[in-house]
Amino acid sequence: MVRSSTKVGRDLSSLTGRGLSILSFVLGLALWEVLVDILEIPRFLFPPPSQVLQVYFTGDIRWMDHTLVTLREALSGFAIGVAFGFLLAVLITLSDLLSRIVMPYVVALQVLPKVAIAPILYVMLGFTNTSRVILIVILTFFPIVINVSTGLSSVDRNLIYLLNSLGAGNVTVFYKVRLPNSLPYFFDGLRIAVSGALVGAIVAEFVSSNEGLGFLILNSQYTFNTTAAFGAFVILTFLGLALYGGVVFLGRRLMPWYERV
């Protein structure tokens, strides 16, 4: 009975929080719309929400095609980055020697500005989808490596000693202890990586693309079409929220016992 009441209380609190978030979002849009007129801000510089909404129905821009290009690039780089990051995290956790050799290069690659990497990739690989996906991989794999390796390492040593005393080998310990312990860390890394995937896609399209939302934003700068740029911003925001929400939803499904997800 107590558990049921607690669950109901959490559900009501969650609904209230979501309701307040939606209300604040609507009020923010309304305030934006009103202030543009009150302050007499030129609409070509700062268009109101109503004008941004109209840009989707003019037929001048193939919004769906550009959105799918960016989404495809982001998801491809994200999937490869996650797989590569997870494998590397497992390897450096199991081998101290490999960790000492590889981690300095991983950290150096992470602190290097990605905008500086992009031109080098395009010189080496050309202005292709492959070079854009590789840039996204570079942006996404680091949080996976760090979080998963932390989760695999920060286990209760007493539990490992207990399993070893019962005859369990390293493989059994990995699947029974280390891997389950790393799942919350893994999903924390996924939250960061999925945002990095969209950032990488936009940066890549800024440098070398004639399609995608990043290309639209850059092209809008040259043509002074601020409304189209805001339209691309809105789509990117919803894409980011959808991808982030998908990661959170998957984490809750796979780890119902972990309330922080």
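1. D156 sits in the loop that links α6 to α7 (157–165). Its relative accessibility is 46%, so D156 counts as partly exposed; buried means under 20% relative accessible area, exposed over 50%, and partly exposed in between (1.4 Å probe, protein chains only). Along the chain, D156 and N181 are 25 residues apart, and their C-alpha atoms are separated by 9.4 Å.

2. The model is predicted: local features need pLDDT of at least 70 and side-chain atom pairs count only at pLDDT 80 or more, while totals for chains, interfaces and linings use all residues. Residues are numbered from 1 along each chain as its sequence is written, and side-chain values use heavy atoms, with hydrogens and water left out.

3. As to secondary structure, the chain contains ten helices and zero strands. Read from the N terminus, the order of elements is α-α-α-α-α-α-α-α-α-α. Helices (H or I, at least four residues) and strands (E, at least two) are DSSP runs, numbered from the N terminus.

4. Along the principal axes, the C-alpha atoms fill a box of roughly 75 × 60 × 30 Å. Buried residues make up 38% of the 261 in the chain.

5. The contact pattern (heavy atoms within 4.5 Å) can be described by sequence separation. Among contacts between residues at least 6 apart in sequence, 72% join residues at least 24 apart.

6. Which residues touch the most other members of the largest nonpolar core? They are W63, F78, I144, F186, L190 and L213, in a core of 33 residues. The elements giving two or more residues to this core are α3 (63–94), α6 (129–153), α8 (170–207), α9 (213–223) and α10 (226–254). With ten residues, α8 gives the most to this core. A nonpolar core is a set of buried Ala, Val, Leu, Ile, Met, Phe, Trp, Tyr and Cys residues joined through side-chain atoms within 4.5 Å.

7. L190 can be followed in detail. Leaving aside neighbours within four places in sequence, L190 is in contact with F78, V82, I144 and V247. Two of these partners, F78 and I144, are themselves listed with L190 as residues that touch the most other core members.

8. Is G77 buried or exposed? G77 belongs to helix α3, and it is buried because its relative accessible area is 0%. When residues up to four places away in sequence are not counted, G77 touches V133, I136, V137 and T140. G77 and G196 are 119 residues apart in sequence, with a C-alpha to C-alpha distance of 9.9 Å.

9. F142 is a residue of helix α6. Its relative accessibility is 16%, and therefore F142 counts as buried. Apart from residues up to four places away in sequence, F142 touches V106, V107 and Q110. From F142 to L53, 89 residues away along the chain, the C-alpha separation is 37 Å.

10. Two loop residues count as exposed. R62, in the loop between α2 (49–54) and α3, counts as exposed because its relative accessibility is 51%. The C-alpha atoms of R62 and N164 lie 60 Å apart in space, and the two residues are 102 apart in sequence. F224 is placed in the loop between α9 and α10 and counts as exposed because its relative accessibility is 69%. The phi angle of F224 is near 55 degrees, a positive value in a residue other than glycine.
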